[in-house]
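Me: Please take one part of this model and go through it closely. Start from a single residue, then follow the element that carries it.

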Amino acid sequence: MADNNKGNGGLFVVGVLVGSAIGVVAGVLVAPRSGKETRRILQKSARALPELAEDLTTTMQLQADRLSESARRNWDDTLIRLKEAVTAGIEASQNLATDNPFPDSEDSPKGDNHHSNDH
């Protein structure tokens, strides 16, 4: 449960960064300014984009690492449960074979599998 909260925090940061960038661009484009002033603001924003992209990349890499680690742990747990299930199945089949080694033959110790017409 704690891993999910950490993951949501990272996604929140990504959302804030992307939303901020979109908001700045939209605000500049619809603001009542002269073309020269708008271009100056856009250039200033464009210079900030590499840092924003680097922050976004770092955040996404951290999220990918957390997801990868979580997937690995889940896979390991699944393999352990699968091995346990296979082992239990093998043991159960061996126990059945030991209890009744000839289930369909007339030599069956239980004697309930006779296929004769002597009734």
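**A residue and its helix**

Reply: L42 touches V28 and L29, once its neighbours within four places in sequence are set aside. Contact here means heavy atoms within 4.5 Å. This is a predicted model, in which local features need pLDDT of at least 70 and side-chain atom pairs count only at pLDDT 80 or more, while totals for chains, interfaces and linings use all residues. Numbering starts from 1 along each chain as its sequence is written, and side-chain values use heavy atoms, with hydrogens and water left out.

Stay with L42 for a moment. V25 is 17 residues from L42 in sequence. In space, the two C-alpha atoms are 7.6 Å apart. L42 has a relative accessible area of 30%, so it is partly exposed. The scale runs as follows: buried is under 20% relative accessible area, exposed is over 50%, and partly exposed lies in between (1.4 Å probe, protein chains only).

The UniProt record, an unreviewed entry, annotates residues 12-31 as "transmembrane region". Such annotations may be inferred rather than shown by experiment; feature names are shortened, and positions follow the numbering used here. In the model, residues 12-31 are 95% helix and 0% strand. The end C-alpha atoms of that stretch are 27 Å apart.

Now the helix that holds L42. That is α2, residues 35-99. The protein chain has two helices and zero strands. Helices (H or I, at least four residues) and strands (E, at least two) are DSSP runs, numbered from the N terminus. α2 counts 65 residues. From first C-alpha to last, α2 reaches 91 Å, close to the 96 Å expected at 1.5 Å a residue. The expected span is 1.5 Å times one less than the number of residues.

α2 also bends. The bend is about 35 degrees, at L49. A proline, P50, follows within four residues. The angle is taken between axes fitted to the seven residues ending at a position and the seven starting there.

Which residues of α2 are buried? They are T38, I41, T59 and Q63. Across the 119 residues of the protein chain, 8% count as buried.

E69, R72, R73 and D76 are linked in a network of salt bridges. A salt bridge is a side-chain nitrogen of Lys or Arg within 4 Å of a carboxyl oxygen of Asp or Glu. The whole structure holds three.

Take the pairs in turn. R72 bridges to E69, with the closest N and O atoms 2.6 Å apart. These two residues are three apart in α2, so about one helical turn separates them. R73 also bridges to E69, here with the closest N and O atoms 3.6 Å apart. R73 and E69 are four residues apart in α2, about one turn of the helix. D76 meets R72 at 2.6 Å, N to O. That pair too lies in α2, four residues apart, about one turn.

How covered are the members of this network? R72 is at 41% relative accessibility, so R72 counts as partly exposed. E69 is partly exposed because its relative accessibility is 32%. R73 has a relative accessible area of 32% and is partly exposed. D76, with 31%, is partly exposed as well.
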